[in-house]
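The following exercises are to be worked through with the sequence and the coordinates at hand. Each task is followed by a solution in steps.

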Amino acid sequence: MKTMKMKVMGFLAFALLSVSIMSYGISGSAFATSDPNPALPISSELENYSSGALVKVSGTIPDYDSSSGKGLTVVIVSPDNNIVGIDQLVPKSDGSFVKSFVAGGPLWKLNGDYKVEFHYGADSSEVTISYTAGDVVSEPTPEPEPEPTPEPEPEPEPTPEPEPEPEPEPTPEPEPTPEPTCGAGTELVDGICQVIKNNEPADNGGGGCLIATAAYGTELAPQVQFLREIRDNTVMSTSSGTAFMTGFNQLYYSFSPTIADMERENPMFQQAVRAFITPMVSTLSIMTLADTGSEAEVLGLGISVIALNLGMYIAAPALIGFKINKHLQSRK
């Protein structure tokens with residue numbers, strides 16, 4: 001009887017062990033073949049990039065509705081999980097898109113893997129590129145061995161030179177017609193100045209101002225170019241300005257794509273946002289007084305601009321509201 005019980009217990013233990021091994025193999029196989037995000041496929045041309053190299057990431061949005069007004073948000077994240085670039089694209093009518101940017105810049109401080117994230121509604125995907133600061137070092141080319149010097153051949157006897165024929169007089173060439181000079185935002189095409197179609201400009205990783213671009217309708221607007229120049233040439237020329245932009249990008253990304261989509265969907269809201277940010281853009285002209293690379297001037301003028309905007313957008317409306325409320329209370 002004891003022998004029978006031991007056989008039954010051994011068979012049950014063997015069956016449980018077999019089921020455990022089979023379930024582990026099945027679950028591992030299912031995980032390995034799963035596709036984490038089939039709704040937003042993207043790819044990059046290369047995997048490794050050095051500083052100054054042009055990065056191109058392309059992809060397609062299946063079943064894209066061009067009338068939705070939604071933009072495709074692009075976020076570049078460094079190896080230490082800081083946002084070093086943010087931008088928003090409008091895909092083509094067939095849903096295809098290409099994002100081009102230059103690897104490197106003040107925020108690209110670390111070597112390693114940078115994630116390029118794409119967000120469209122509930123769909124998101126990412127591609128990883130390996131970044132190395134500085135130029136790619138190539139292997140030195142070995143110097144060729146010197147060839148043996150051949151023995152000099154005997155010089156031939158000199159042949160009498162023929163008399164030179166008189167050269168014909170040169171015909172004067174017609175003067176070239178001067179090409180027209182094209183202004184900012186235009187280029188010369190077949191002798192005619194045309195507006196540059198810059199649907200996908202290459203940038204240095206800092207990205208564009210999504211809210212201002214949507215408010216003014218194009219990245220070529222003077223206000224948007226002014227904001228970009230202040231950011232790249234003044235603020236990010238100092239270590240304190242670079243640190244400020246790193247933290248500001250984290251906050252700005254949390255709401256700017258949504259507001260930019262709402263501006264494109266609602267023209268009235270676009271006009272309201274434009275009127276709201278125009279005074280702020282005007283106050284940033286103070287930053288042009290700072291010398292490039294001067295920590296003290298950039299920090300001092302930056303604090304002044306922040307204080308001025310806080311007073312203009314928060315303190316002044318609060319004071320006006322308090323005065324109105326006090327006046328209404330006194331009339332009762």
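Two residues are in contact when heavy atoms of theirs lie within 4.5 Å. The model examined here is a predicted one.

**Exercise 1. Determine where proline 79 lies and which residues it contacts, leaving aside its neighbours within four places in sequence.**

Step 1. Proline 79 belongs to the loop between β4 and β5.

Step 2. With the contact criterion applied, and neighbours within four places in sequence left aside, the partners of proline 79 are Leu110, Asn111, Gly112, Asp113 and Tyr114.

**Exercise 2. Locate threonine 242, decide whether it is buried or exposed, and list its contacts beyond four places in sequence.**

Step 1. Threonine 242 is part of helix α4, residues 239-253.

Step 2. Its relative accessibility is 6%; because buried means under 20%, threonine 242 counts as buried.

Step 3. Residues up to four places away in sequence are not counted; threonine 242 then touches Pro106, Leu107, Lys109, Val235 and Met236.

**Exercise 3. Identify the buried residues of helix α5, their arrangement around the axis, and the elements that cover them.**

Step 1. Helix α5 spans residues 256-265, and Ser256, Pro257, Ala260, Asp261 and Glu263 are buried in it.

Step 2. These residues cover an arc of only 160° around the axis, so they lie on the same side of α5.

Step 3. The cover over the buried residues of α5 includes the strands β4 (72-77) and β5 (83-89) as well as the helices α2 (210-216), α4 and α6 (267-283).

**Exercise 4. Characterise the packing of α6 against α7.**

Step 1. The axes of α6 and helix α7 (residues 295-331) are 10 Å apart, and the angle between the helices is about 150°.

Step 2. Angles over 145 degrees count as roughly antiparallel, and therefore α6 is roughly antiparallel to α7.

Step 3. The crossing of α6 and α7 is right-handed.

Step 4. On the α6 side of the contact are Phe276, Ile277, Pro279, Met280 and Thr283; they meet Val305, Leu308, Asn309, Met312 and Tyr313 in α7.

**Exercise 5. Summarise the protein chain as a whole: how many helices and strands are there, and what percentage of its residues is buried?**

Step 1. The protein chain contains seven helices and 10 strands.

Step 2. Of its 332 residues, 28% are buried.

Step 3. The accessible surface of the protein chain is about 23200 Å², and carbon and sulfur atoms account for 60% of this area.

Step 4. Among contacts between residues at least 6 apart in sequence, 65% join residues at least 24 apart.

How values were computed:
Residues are numbered from 1 along each chain as its sequence is written. This is a predicted model: local features need pLDDT of at least 70, side-chain atom pairs count only at pLDDT 80 or more; totals for chains, interfaces and linings use all residues. Side-chain values use heavy atoms; hydrogens and water are left out. Helices (H or I, at least four residues) and strands (E, at least two) are DSSP runs, numbered from the N terminus. Buried means under 20% relative accessible area, exposed over 50%, partly exposed in between (1.4 Å probe, protein chains only). Accessible areas come from the Shrake-Rupley method with a 1.4 Å probe; for residues, only the protein chains shown count as cover. The arc is that of the directions from the helix axis to the C-beta atoms. Axes are lines fitted to C-alpha atoms, for helices over the stretch in contact, and angles run from 0 to 180 degrees between N-to-C directions. Angles under 35 degrees count as roughly parallel, over 145 as roughly antiparallel, 65 to 115 as roughly perpendicular and the rest as oblique. A crossing is left-handed if the near helix is turned anticlockwise from the far one by less than a right angle, and right-handed if clockwise.
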